[in-house]
Amino acid sequence: MEITPTRKQLQNALALYVKPDSAQGIQLFVVDLITYILAITLVLASSLWYLQLIGGILAGIKMANLTTLAHDASHNSLTRSRLLNKYIAIVSFAPGLFNYALWLYDHHVLHHHKTNEEHPDSYVPLSKQEYDSLTAWKKFKYRMYRVPTIWIFGIYYIVERWSQVKFFPRSYMPERVRREAWRHFIFLLIYITSYLSLLVLAPLYSQTSTVAALMYGFVVPFYVYQTLYAFTVFVQHNNVRVPWFKGKRPRDGDGQQAYISVQLVFPAWFSWLVHHVYDHAAHHVHPAIPLYELPAAQRKLNEMLGARAVTSKFSFRWLYSTMRRCKLYDYDNHRWTDFNLSL
């Protein structure tokens, strides 16, 4: 009989990889930040629309990279310094307009402690009964957000997540969170006002028009970033083998953290480019592991889990199949269904 490892056993095994390296963390931050600035410079320095578009797309990609670094820094794992981690996180979140205090609450308190449970989170699936009770407009939105296509990811995250829980504090959030979040919101307002002013005034110091500067310097990067971010959170917890729960999931040693998070497998060079963000199961088991140690930690985790490890090799065919099949969730029988209740 196969013995299922507990969370404690898994964490003890992965503790070997909790090795924050300040030099490596700082280097990653500096390279990503400089590359982001160079991408925006390309937008402003060129009068050719296709070069501006390339610059805008690259800027959006680097915003996603910076958020991955901010994620690790928020977990205090990117460098050895708690203070340095905090400021790297605040700066790295700024281009994507993520509020540092709200991130800590939404990600640390809700997402990690209540993974795949019934609370506001990204891509929480509805049951058939819940879906049937929606208004026609909400049914349309739910269906649209789960259409198997790439472009919908950005719309979903901007409307349903970023604007609701990542930018400014809401009344339903705890008072201590709101108090801190307002300070970070003011910082983001100062940042975005200054940045947009720089883009608006582009004709004064470059050959770029105001419209082009705003389109390729803000709209394109922001949408690319939100699309990449939403894609990432979708594939990390939506999989035909991954269960979701009504209320609290069974804790039973809580080894389940290893089975409710997905490792999405890419070529090693691509995984390195995206800071190994898709080696996600190892992160959920031990959030203190820095991103540059995740590949080794994930291999160790997969070895311990054997056939129970939830891994999927990425392909667009796999993505289409997953988005087509993971529409609704049967919480009683713990299985994903489409709108016709078939898998």
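**Charges, rings and enclosed spaces**

Tutor: Start with a charge on a ring: the charged end of Lys139 sits over the ring of Tyr131, 5.6 Å from its centre. The cut-off here is NZ of Lys or CZ of Arg within 6 Å of the ring centre and within 35 degrees of the ring normal. The model is predicted, so local features need pLDDT of at least 70 and side-chain atom pairs pLDDT 80 or more, while totals for chains, interfaces and linings use all residues. Residues are numbered from 1 along each chain as its sequence is written, and side-chain values use heavy atoms, with hydrogens and water left out.

Arg143 does likewise with another ring: Arg143 lies over the face of Phe339, 4.0 Å from the ring centre.

Now rings against rings. Two numbers describe such a pair: the distance of the centres and the angle of the planes. Rings of Phe, Tyr and Trp (its six-membered ring) pair if their centres lie within 6.5 Å; planes under 30 degrees apart are stacked, over 60 edge-to-face, and the rest tilted. The count comes to 38 aromatic pairs. One of them joins Phe231 and Tyr278, edge-to-face, with 6.0 Å between centres and 70 degrees between planes. Phe231 is in helix α11 (residues 210-237), and Tyr278 is in the loop between α12 (268-273) and α13 (280-285), so this pair links parts of the chain 47 residues apart. Helices (H or I, at least four residues) and strands (E, at least two) are DSSP runs, numbered from the N terminus.

Buried means under 20% relative accessible area, exposed over 50%, and partly exposed in between (1.4 Å probe, protein chains only).

Tyr329 and Trp336 make another edge-to-face pair, because their ring centres are 5.2 Å apart and their planes stand at 75 degrees. Tyr329 is buried at 2%. Trp336 is buried too, at 1%.

Next, charge against charge. A salt bridge is a side-chain nitrogen of Lys or Arg within 4 Å of a carboxyl oxygen of Asp or Glu. How many does a search of the whole structure find? The search gives eleven salt bridges. In one of them, Lys62 meets Asp32 at 2.8 Å, N to O. Lys62 is in helix α3 (residues 49-74) and Asp32 in helix α2 (residues 22-45), and the pair links parts 30 residues apart. Lys62 is buried at 10%, and Asp32 is buried at 3%.

Asp121 and Arg161 meet in a salt bridge of 3.8 Å, N to O. Asp121 lies in the loop between α5 (100-112) and α6 (128-132) and Arg161 lies in helix α8 (residues 152-166), so this bridge ties together parts 40 residues apart in sequence. Both Asp121 and Arg161 are buried.

Glu130 is in helix α6 and Lys246 in the loop between α11 and β1 (263-265), 116 residues apart. Glu130 is partly exposed at 24%. Lys246 is also partly exposed, at 37%.

A cavity is a set of points on a 1 Å grid, over the protein atoms alone, where a 1.4 Å probe fits but cannot get out; lining residues have an atom within 4 Å of a point. Grid points are joined across faces, edges and corners, and a volume is the space filled by probe spheres set on the points. The structure holds two cavities of 30 Å³ or more.

The largest cavity has about 50 Å³ of space. Its lining includes Tyr36, Met63, Pro95, Tyr191 and Phe222. The largest share, four residues, comes from α11. The lining divides into nine nonpolar, one polar and no charged residues. Here Ala, Val, Leu, Ile, Met, Phe, Trp, Tyr, Cys and Pro count as nonpolar, Asp, Glu, Lys and Arg as charged, and the others, Gly among them, as polar.

The second largest cavity has about 30 Å³. Among the residues that line it are Ile90, Phe93, Asn99, His184 and Leu188. Elements α4 (82-93) and α9 each give two or more residues to this lining. Its largest share, three residues, comes from α9. The residues divide into six nonpolar, two polar and no charged.

Note on methods
On a 1 Å grid over the protein atoms alone, a cavity is a set of points where a 1.4 Å probe fits but cannot get out, and a pocket is an open set with protein on both sides within 12 Å along at least five of seven lines; lining residues have an atom within 4 Å of a point.
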